[in-house]
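Hi,

Here is the structure I said I would pass on.

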2 protein chains.
Amino acid sequence: MKGSSRPREGSGSAQVSGPTATLAAYIQERGLKQSRQRERIAQSFFAMGGHVTVEQLVARVRRDDPRVSVATVYRTMKLLAECGLAVARQFGDGQTRYEASAGRDHHDHLICTACGEIIEFANERIESLQEVVARRHGFEVESHRLELYGRCARCRPPGRARPEARP
Amino acid sequence: MKGSSRPREGSGSAQVSGPTATLAAYIQERGLKQSRQRERIAQSFFAMGGHVTVEQLVARVRRDDPRVSVATVYRTMKLLAECGLAVARQFGDGQTRYEASAGRDHHDHLICTACGEIIEFANERIESLQEVVARRHGFEVESHRLELYGRCARCRPPGRARPEARP
DNA sequence: ATGCGTGCAAAATTTTTGCATGGGG
DNA sequence: CCCCATGCAAAAATTTTGCACGCAT
């Protein structure tokens, strides 16, 4: 249940302009402090890619550092969200998911109700129409959220390819 | 707009075929039982209209019947959702909201981030484009969710009229 | 009489917060 | 050195579940 195909940031060796650098800058500007935990959490988060639940992130971080507390992960993700490196998403399953957003354009989501795969997409036409609709009601749009739930190609009953064994 | 939705049930005379009747039918068909609580909860829910949180609903129901438990309200709303009279909505605020859906067409939401007002809208063009996008990714859409967050006419900074004083 | 519904409370989930301690700047 | 960050656990907030009892059918 993953599968994002996002272009990797310059994962070169001496590259310093990645999200980690942005976080460091943000931390310094605000007189906050860096820490092993924050670095680990951020690193794991960006390494995981996709749309990560706190639970998943905690598990991953603890693989390297078993004593990191859930609270710290929550607090750090809030930090990442504040400085624009992550976005919190609520798909209707009761778990907040975080998504890396460094320098990424806005996009919406296609979510497979069978295998859970999450695909991102963007559509200018839809965005425009949203503006039109909003204006029609006197609204000024600040943000929006569009999620399409359904069956992905592999999970579709009629087509071919087995639905991953979970109807 | 669709064919003037909500035909006011002019047909039967003695038969009140509103949502309450649908619930009663559903209850009987399934061998379930009616109860004072269920009636009160359903009645309050439909009377309130809009997008109601369980908390609000509980408060309202208890105004008439202080001993109704939260659990019963949850269970009853689940029942209403099962028989298609209500729909559970998750706007990102951590509270499940229920919305009456008897005979209503699909629609999406405009949500004011200042006063919390929720406006419904429907747009065929957007729906069509959603299908196109989904198909392009091999998805078959089962449902979707579109929410536009922003400032309603009254809450817009530049314009006039006061923001109702409730964030 | 049978079994569903209810209230109450405990449990389960998910996220936040208080507090004492330790470490970064 | 001072303040921030962390861990731990308790607290919150929301929703579910177990249980015994009572009422509707």
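Let's start with Gly103(A), which sits in the loop between strand S3 (96–100) and S4 of chain A; helices (H or I, at least four residues) and strands (E, at least two) are DSSP runs, numbered from the N terminus. Gly103(A) counts as exposed because its relative accessibility is 84% (exposed is over 50% relative accessible area, buried under 20% and partly exposed in between, with a 1.4 Å probe and protein chains only). From Gly103(A) to Phe45(A) it is 58 residues in sequence and 16 Å in space, C-alpha to C-alpha.

Some housekeeping: this is a predicted model, where local features need pLDDT of at least 70 and side-chain atom pairs count only at pLDDT 80 or more, while totals for chains, interfaces and linings use all residues. Residues are numbered from 1 along each chain as its sequence is written, chains are lettered from A and ligands numbered from 1 in the order in which they are written, and side-chain values use heavy atoms, leaving out hydrogens and water.

Chain A has five helices and six strands, in the order α-α-β-α-α-β-β-β-β-α-β from the N terminus. Of its 167 residues, 41% are buried.

Phe45(A) turns up again where helix H2 (residues 36–48) meets H3 in chain A: together with Arg40(A), Ile41(A), Ser44(A), Ala47(A) and Met48(A), it meets Gln56(A), Leu57(A), Arg60(A), Val61(A) and Asp64(A) (contact means heavy atoms within 4.5 Å).

Over in chain B, Asp65(B) is in the loop between helix H3 (54–64) and helix H4 (70–82). Asp65(B) is buried, because its relative accessibility is 7%. Not counting residues up to four places away in sequence, it touches Arg36(B) and Arg40(B).

Now the inside. The largest nonpolar core has 30 residues, and those with the most contacts inside it include Leu110(A), Phe139(A) and Phe139(B) (such a core is a set of buried Ala, Val, Leu, Ile, Met, Phe, Trp, Tyr and Cys residues joined through side-chain atoms within 4.5 Å). Apart from it lies another core of 22 residues, among them Leu23(A) and Met77(A). Leaving aside neighbours within four places in sequence, Phe139(B) is in contact with residues including Leu110(A), Ile119(A), Arg156(A) and Ala134(B).

Cheers
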